Amino acid sequence: MSLSAQKNSATPTSTPRRLAGKVIWLYGLSGAGKSTLGEALERQLRAENYVTQILDGDVLRRGLNRDLGFSEKDRTENIRRAAELAKLFAHAGVVTICSFITPLRAHRALAREIISAPDLIEVYVEASYITCAQRDPKGLYARAAAGQITSFTGRDSAFEPPIAGEASLVLSTENATPAASITTLHAFVARALTSR
């Protein structure tokens, strides 16, 4: 097939992809619902033809960040690398959805400094340690209680909730259904993307 034939076979009515570089940074305790909300948000945005990418803390720790542990220094480096990667995606016009515990205010300030405020939506996915331990989708809380995991965030290692005005949006998944939480999140993000 010739190059000209390939060009002519393109569908003229195909919907153009929507580029709107933005980073949505979901943070909170393990089990709060970050990944669930991030994946649901990505499905909705893709259906609206946005170019999207998910950066998940667990996935990055199996690849790009596999050399990092859970010391304070390594946690900081984990966030630094993720923020730098998210910034690159956002600058290319990709809506980048990040799911990281991001336990310390200093970590969130670092991400904010790297990405820059206009490109960043910070979403605190709020759920208590007790609620997350009851959910325990990965069995981490049970392992921490049995002493199999040390430096577990919220138990042995600090999690600092955001101070007033720090987060762009606070989603309490403790009292809201997943459907209600994703509706709130999607509405908030959609407004931010269309107001650029």
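The legends below describe close-up views of a predicted model of one protein chain.

**Figure 1. Overall fold of the protein chain, with eight helices and five strands.** Read from the N terminus, the elements follow the order α-β-α-β-α-α-β-α-β-α-α-β-α. The C-alpha trace spans about 65 × 35 × 30 Å along its principal axes. Of the 196 residues in the chain, 44% are buried. When contacts between residues at least 6 apart in sequence are considered, 78% of them join residues at least 24 apart.

**Figure 2. The largest nonpolar core, made up of 47 residues.** Ile24, Trp25, Val123 and Leu185 have the most contacts inside this core. In soluble globular proteins, nonpolar side chains tend to be buried together.

**Figure 3. Surroundings of Leu185, one of the core residues with the most contacts.** Neighbours within four places in sequence are left aside in this view. Leu185 is then in contact with Leu26, Leu37, Leu41, Val123, Leu169 and Leu171. Val123 is also among the residues with the most contacts inside the core.

**Figure 4. Packing of helix α2 (residues 34-47) against helix α8 (residues 178-194).** The two axes lie 10 Å apart, and the helices pack at an angle of about 55 degrees. An angle between 35 and 65 degrees counts as oblique, and α2 and α8 are therefore oblique to each other. Their crossing is right-handed. On the α2 side the contact is made by Leu37, Ala40, Leu41, Gln44 and Leu45. On the α8 side, Pro178, Ser181, Ile182, Leu185, His186, Val189 and Leu193 take part. By class, the contact has nine nonpolar and three polar residues, with no charged ones.

**Figure 5. Packing of helix α4 (residues 72-91) against helix α5 (residues 105-115).** The axes of α4 and α5 come within 9 Å and cross at roughly 25 degrees. Angles under 35 degrees count as roughly parallel, so α4 is roughly parallel to α5. The crossing of α4 with α5 is right-handed. From α4, the residues in contact are Glu72, Arg75, Thr76, Ile79, Arg80, Ala83, Glu84, Ala86 and Lys87. They meet His107, Leu110, Ala111, Ile114 and Ile115 of α5. The contact divides into seven nonpolar, two polar and five charged residues, whereas that of α2 with α8 has no charged residues.

Key. Residues are numbered from 1 along each chain as its sequence is written. This is a predicted model: local features need pLDDT of at least 70, side-chain atom pairs count only at pLDDT 80 or more; totals for chains, interfaces and linings use all residues. Side-chain values use heavy atoms; hydrogens and water are left out. A nonpolar core is a set of buried Ala, Val, Leu, Ile, Met, Phe, Trp, Tyr and Cys residues joined through side-chain atoms within 4.5 Å. Buried means under 20% relative accessible area, exposed over 50%, partly exposed in between (1.4 Å probe, protein chains only). Contact means heavy atoms within 4.5 Å. Axes are lines fitted to C-alpha atoms, for helices over the stretch in contact, and angles run from 0 to 180 degrees between N-to-C directions. Helices (H or I, at least four residues) and strands (E, at least two) are DSSP runs, numbered from the N terminus. Angles under 35 degrees count as roughly parallel, over 145 as roughly antiparallel, 65 to 115 as roughly perpendicular and the rest as oblique. A crossing is left-handed if the near helix is turned anticlockwise from the far one by less than a right angle, and right-handed if clockwise. Ala, Val, Leu, Ile, Met, Phe, Trp, Tyr, Cys and Pro count as nonpolar, Asp, Glu, Lys and Arg as charged, and the others, Gly among them, as polar.
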